[in-house]
Amino acid sequence: MPIKDLNVGNIHMSEGKTRLTNFIAVDAEDLAALKTLREKYHVNFNTRTTPIGNEMGSDFDLNGYVETH
């Protein structure tokens, strides 16, 4: 079953990761997995949060980040 859109979140911050939003932090392994999904399977990422989340970066362009890093 093809996945067209994927809501990305809860990739927690830890040593060696880069914080992109309050709920997304990536390292080289995470970025490689996201790149595979984007390039090979043409998955569109979004970073929506709950209405009460008021997350910094909820409008973050994860697609653009993955394509340029």
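## Loop position of H42

H42 is found in the loop between α1 (28-41) and β4 (44-46); helices (H or I, at least four residues) and strands (E, at least two) are DSSP runs, numbered from the N terminus. The model is predicted, with local features requiring pLDDT of at least 70 and side-chain atom pairs counted only at pLDDT 80 or more, whereas totals for chains, interfaces and linings use all residues. Residues are numbered from 1 along each chain as its sequence is written, and side-chain values use heavy atoms, with hydrogens and water left out.

Although H42 is not a glycine, its phi is positive, at about 55°. H42 counts as exposed, with 61% relative accessibility; the classes are buried (under 20% relative accessible area), exposed (over 50%) and partly exposed in between, for a 1.4 Å probe and protein chains only.

## Surroundings of H42

Leaving aside residues up to four places away in sequence, H42 touches K4 and L37, where contact means heavy atoms within 4.5 Å.

## The loop between β1 and β2

The loop between β1 (5-7) and β2 (18-21) holds N10. This residue, N10, also has a positive phi, of about 60°, without being a glycine. N10 is exposed, its relative accessible area being 53%.

E15 is likewise placed in the loop between β1 and β2. With a relative accessibility of 82%, E15 counts as exposed. From C-alpha to C-alpha, E15 and D27 are 9.1 Å apart in space, with a sequence separation of twelve residues.

## Overall architecture

The protein contains two helices and four strands. Along the sequence, these elements follow the pattern β-β-β-α-β-α.

Contacts between residues at least 6 apart in sequence include 49% that join residues at least 24 apart.

## Burial and surface

The protein has 69 residues, of which 30% count as buried.
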